[in-house]
Amino acid sequence: KKKNQIQTFINKKKPYHKNFKISHINKKLKSLIQFIKNLTTKTKKKPPIILKTTKHYQTPIIHYLKKQNYLLIIINPLISYKTKNSNLQKIKTNTTNTYLLYKLYYKKKLKPYKKHNIQLLNLHNLTKQHKNITNTLIQTKLQFQTILNQIFPKFKKIFKNLYSIISLLTLKKFPSSKNILNTHNKILTKKIHKNYKNHSLN
């Protein structure tokens, strides 16, 4: 969330410096840029920077590196996971991810990162939120029906739409079959009609 694990390579199978962590704060990011500049001086070539996507957590470091005009390559975790399962032996946990990205860079043709426009990002976020809300709604309805089947099993046959306002308000007023049976028909009708005036009293 707040840090990145860093490993640099001069070329294939030739690491530069040991693996280290960097925090997403200005001071530390400046030191990272200086470190990359030192590498550039040594190799006489500006290095591409490969990151594994971490949803919104990657935004600060991507934004910072983009401003410094570095070529960024963002890798989907599913790709690195497949590489890990198919090609790698057991390696130390703290170096696994960076080593995987190194392997991928030298094995595959990876496309540079393109910044999405704000409309696309907003649409992406809205779609995710909609999906989450929909899933929550489905789960809530299923839980609601499970409880209803236990305390008032015939209720869902009364109204055409179990989740309509009139259905839920009636259930709120008469939460069990016992409440219904203990209420006179006329009172029951008036209570329902009060919340459902689009239909006749009959």
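This is a predicted model: local features need pLDDT of at least 70, side-chain atom pairs count only at pLDDT 80 or more; totals for chains, interfaces and linings use all residues.

Trainee: How much space lies in the largest cavity?

Mentor: The largest cavity contains about 30 Å³ of space.

Trainee: And which residues line it?

Mentor: The lining of the largest cavity consists of Leu-169, Thr-170, Lys-173, Phe-174, Lys-191, Ile-192 and Asn-195. The most comes from α6, with three residues. By class, three lining residues are nonpolar, two are polar and two are charged.

Trainee: Turning to pockets, how much space lies in the largest one?

Mentor: The largest pocket holds about 1,000 Å³. Its lining is drawn from β1, α1, β3, α2 and α4 (93-107), each giving two or more residues.

Trainee: Which element has the largest share of that lining?

Mentor: That is β1, with nine residues. In total, 37 residues line the largest pocket, and Gln-5, Gln-7, Ile-50, Leu-51 and Leu-101 lie nearest its centre.

Trainee: What is the make-up of the lining by class?

Mentor: There are 19 nonpolar, 12 polar and six charged residues in the lining of the largest pocket.

Trainee: Let us change topic. Which residues of the largest nonpolar core touch the most other members?

Mentor: This core has 18 residues, and those with the most contacts to other members are Leu-32, Ile-49, Ile-61, Leu-65, Tyr-70 and Leu-72. At least two core residues come from each of β2 (14-23), α1 (26-43), β3 (49-52) and α2 (59-67). The largest share, six residues, is supplied by α1.

Trainee: What does Tyr-70 touch, not counting residues up to four places away in sequence?

Mentor: On that basis, Tyr-70 touches Ile-33, Ile-36, Lys-37, Lys-46, Pro-47, Ile-49 and Leu-65. There is also a second, separate core of seven residues, which includes Leu-148, Phe-159, Leu-162 and Leu-171.

Trainee: Back to α2, then. Which of its residues are buried?

Mentor: In α2, Ile-61, Ile-62, Tyr-64 and Leu-65 are buried. Viewed down the axis of α2, the buried residues fall within an arc of 165°, so they line one face of the helix.

Trainee: What do they pack against?

Mentor: The buried residues of α2 pack against β1 (3-11), β2, α1, β3 and β4 (72-75).

Trainee: And what follows the helix?

Mentor: α2 is followed by Asn-69, which has a positive phi, near 65°.

Key
Residues are numbered from 1 along each chain as its sequence is written. Side-chain values use heavy atoms; hydrogens and water are left out. A nonpolar core is a set of buried Ala, Val, Leu, Ile, Met, Phe, Trp, Tyr and Cys residues joined through side-chain atoms within 4.5 Å. Buried means under 20% relative accessible area, exposed over 50%, partly exposed in between (1.4 Å probe, protein chains only). Helices (H or I, at least four residues) and strands (E, at least two) are DSSP runs, numbered from the N terminus. Contact means heavy atoms within 4.5 Å. The arc is that of the directions from the helix axis to the C-beta atoms. On a 1 Å grid over the protein atoms alone, a cavity is a set of points where a 1.4 Å probe fits but cannot get out, and a pocket is an open set with protein on both sides within 12 Å along at least five of seven lines; lining residues have an atom within 4 Å of a point. Grid points are joined across faces, edges and corners, and a volume is the space filled by probe spheres set on the points. Ala, Val, Leu, Ile, Met, Phe, Trp, Tyr, Cys and Pro count as nonpolar, Asp, Glu, Lys and Arg as charged, and the others, Gly among them, as polar.
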